[in-house]
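Subject: Structure handover

Hi,

Here is the structure I promised to pass on. Please open it next to this note; my findings follow below.

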Amino acid sequence: MDIKFIFLILNGLTQAAILFVLGSGLTLAFGLMRVVNLSHGAFYMLGGYIGYSVVKATGNWPLALVAGGLSIAVAGFLFERLMLVRVRGGDLPETLLTVALAMIISDLCLVFWARTPITLNVPKYLNPPVTILGVTYPGFRYILMGISILIALSLWFILYKTKLGAAVRAGVDDRETVSALGVNIQVIYSAVFVISALLAGLAGVLGGSYLQLSPGGDTTILTYSLVVIILGGMGSLLGAVVSSLILGQIMSFGLAFAPQYSYFLIFIPMAIVLAIRPQGLFGRKI
Amino acid sequence: MNLAKKSPFYIGLIIILLVLMPLFAGKYTVTTFIRIIYFGFLSMSMGYLIGQGGLISLTQTAFFGLAGYVIGLMNIDHGIIFPWPDLTAFVVVFAIALFFGLIAMKTEKIVFMMITLAFGQIVWAFATQNTSIMHGWSGIRGIRPYVLYGVNFNDTTNFYWAALTLFLLGLFLLWRIVNSHFGLILNGIRENPRRMAALGYPVYWIKLVAFLISSMYATMGGVLACYNTGIIMPTTLQLSRSIWVLLTVILGGSTYFWGPVVGVVTAISLDVFISSATERYNMVIGILFLVIVLFSPTGILGMIDAVRKGQKLKFITKIFSTEKRKTD
């Protein structure tokens with residue numbers, strides 16, 4: 001195989017790593033709460049910008065990752081407790097609230113950060129050239145993939161091996177019965193929303209180190225994450241894995257061979273899946 | 001809703017004032033009113049779907065922008081003149097809306113909203129990245145209105161009168177559609193699609209027709225907008241614009257016929273006043289959006305209604321369908 005193709009596949013995998021972290025948070029929250037958090041893209045951007053400032057101030061990238069993730073988790077917690085909970089039960093008002101939040105956050109980012117696109121500085125020690133099977137590729141991108149796999153495994157563990165996960169999965173199927181059984185579903189809601197926000201913040205730092213962060217970029221990111229979860233099936237973790245792998249490759253190859261249509265191309269599998277199987281590849285009927 | 005029945009006198013007065021407005025107002029005011037009219041069309045197209053059908057579609061702005069692109073491409077790039085670009089705009093948008101609608105109508109509620117959002121982004125992506133046909137970021141410039149039958153529509157006042165005429169016709173037509181038999185069936189579907197399906201109504205096709213009607217309103221707005229601004233760019237159809245239009249609908253009151261119009265007038269007036277004072281228009285609009293959803297989900301008109309009926313403003317009232325969320 002041509003070495004160029006190997007590079008493209010690796011780029012696609014890096015892209016997929018970011019898409020998965022982004023999409024898994026959204027799909028988790030949707031599966032349980034039936035809320036599409038349309039401020040997910042804004043969360044990503046804010047997380048990325050916070051990470052950028054931390055790297056700039058301390059030069060410590062791992063710290064930036066933690067700071068970006070945690071600050072968004074806190075923001076998500078406050079938003080869920082103070083606002084979302086007031087309109088619980090009406091899925092449209094809930095979604096509209098997240099739209100309003102997205103507008104406010106993306107305008108806030110304009111106040112505090114540059115209007116020009118920026119990228120997080122990754123320190124040299126995290127980015128050594130790594131040669132595997134004769135192909136040299138930036139080591140940091142392997143780190144990105146590793147973090148993403150780690151996140152996937154921990155999500156799987158939380159969902160299928162812990163009590164919280166069991167309650168979440170039961171809540172997806174029948175939330176009335178779950179609360180009748182004595183589980184405090186409100187706490188579960190908050191927990192899931194916070195995890196979802198945390199993932200968006202982490203994705204922001206990860207993505208901001210590989211791609212660019214720019215004002216207004218939140219809508220593009222939101223669209224990516226929506227495509228991931230529509231294609232994979234809403235509420236399905238496996239779906240998020242598979243669809244981000246597919247989309248990552250499409251984005252990488254599209255950029256190389258059809259730059260005029262690279263963004264356009266990622267919608268093609270979504271449109272096909274919607275026409276044939278509206279609930280997505282691994283989704284169940286809602 | 002019954003504003004028109006109760007007070008034809010006021011409606012007539014408002015129309016006369018609107019027609020006479022350019023005679024005593026400055027050019028800036030007239031241009032602002034033209035903006036209100038074309039965004040009014042766009043807002044009506046979204047408001048009709050939300051209020052009458054319970055469908056939140058975020059593709060409307062893409063239809064709005066596509067209309068401009070068709071006119072720009074045919075007129076500027078190929079020199080084809082009125083009425084062909086304008087008619088083609090309606091045909092092209094109709095075809096695309098039909099294609100999108102056939103897919104999107106399989107879903108409902110939040111999923112429908114997400115899918116229409118993605119459709120809007122498809123069009124945006126194509127317009128942004130494609131340089132060979134759509135001219136990429138720079139878009140198409142220099143679209144001008146014509147001199148038709150001796151009337152020069154390059155003149156702001158003439159353009160305003162033409163736009164106003166179309167707007168009033170559009171409102172009247174929509175009023176008839178909303179109050180027709182078809183409109184009632186659509187309301188039934190908004191309240192309970194399953195029951196309507198059980199009664200034998202083709203729910204899927206009725207929603208599709210409503211979607212097509214709304215796309216035509218968005219197109220009308222887009223046609224007027226591109227002639228008025230003279231340029232068509234990807235920013236015309238970006239997501240933040242769709243969200244702004246959604247805001248105008250919710251702001252005015254999505255369940256009211258006049259809601260979208262009231263919302264657009266309010267949002268544009270705010271734009272005029274705020275933009276001169278601060279750059280943070282989006283912040284103000286976002287906070288306003290938040291407050292409306294939290295405290296007065298039926299919008300400005302809902303608030304007025306409540307005050308008129310002497311009710312206390314409820315903290316939270318239900319918007320949209322009253323059907324409770326169910327777990328299947």
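Start with W258(B). W258(B) sits in the loop between α11 and α12 (259–277) of chain B. Its C-alpha atom lies 8.2 Å from that of L301(B), although the two are 43 residues apart along the chain.

L301(B) leads on to helix α14 of chain B, residues 299–308. Which residues of this helix are buried? They are G299(B), I300(B), L301(B) and G302(B). These buried residues pack against α11, α12 and α13 of chain B.

A word on confidence. This is a predicted model. It scores ipTM 0.80 and pTM 0.85. Chain B has a mean pLDDT of 83, with 92% of its residues at 70 or more. Among the elements of chain B, helix α10 (residues 203–229) has the highest mean pLDDT, 92. Helix α1 (residues 3–6) has the lowest, 54. Watch residues 315–328 of chain B, where pLDDT stays under 50. The model has 24 contacts beyond four places in sequence for that stretch. Where pLDDT is low, the predicted coordinates should not be read in detail.

Now chain A. Its secondary structure comes to 12 helices and two strands. Along the sequence the pattern is α-α-α-α-β-β-α-α-α-α-α-α-α-α. How does the radius of gyration fit a compact globule, and why? A compact globule of 286 residues would have a radius near 19 Å, and chain A has 19 Å, so the two agree. The C-alpha atoms fill a box of roughly 60 × 45 × 35 Å along the principal axes. Buried residues make up 54% of the 286 residues in chain A. Take the contacts in chain A between residues at least 6 apart in sequence: 76% of them join residues at least 24 apart.

Helix α2 of chain A (residues 40–58) is worth a look. It has 19 residues and reaches 27 Å from its first C-alpha to its last, close to the 27 Å expected at 1.5 Å a residue. Of those 19 residues, 15 are buried, so α2(A) is largely enclosed by the rest of the structure. Just after this helix, G59(A) takes a positive phi of about 75°.

Next, the contact between the chains. It takes 43 residues from chain B and 38 residues from chain A. On the side of chain B that touches chain A, the elements giving two or more residues are α6 (109–129), α11 (239–252) and α13 (281–295) of chain B. The largest share, 13 residues, comes from α6(B). By type, that side of chain B divides into 27 nonpolar, 11 polar and five charged residues.

Last, the core. The largest nonpolar core has 188 residues, and V227(A) and A118(B) touch the most other members. Helix α6(B) gives the most to this core, with 15 residues. Which residues does A118(B) touch, leaving out those up to four places away in sequence? They are T223(A), L226(A), V227(A), I230(A), F267(A) and M270(A).

Best wishes

Note on methods: Residues numbered from 1 in each chain as written. Chains lettered and ligands numbered in written order. Predicted model: local features only at pLDDT ≥ 70, side-chain atom pairs only at ≥ 80, totals over all residues. Contact = placed C-beta atoms within 7 Å. Helix = DSSP H or I, 4+ residues; strand = E, 2+ residues; numbered from the N terminus. Nonpolar A, V, L, I, M, F, W, Y, C, P; charged D, E, K, R; others polar. Rg over C-alpha atoms; globule rule 2.2 N^0.38 Å. Buried ≥ 20, exposed ≤ 12 C-beta atoms within 10 Å, placed from the backbone. Expected span 1.5 Å × (residues − 1). Core = buried A, V, L, I, M, F, W, Y, C linked by C-beta atoms within 7 Å. pLDDT = per-residue confidence, 0-100.
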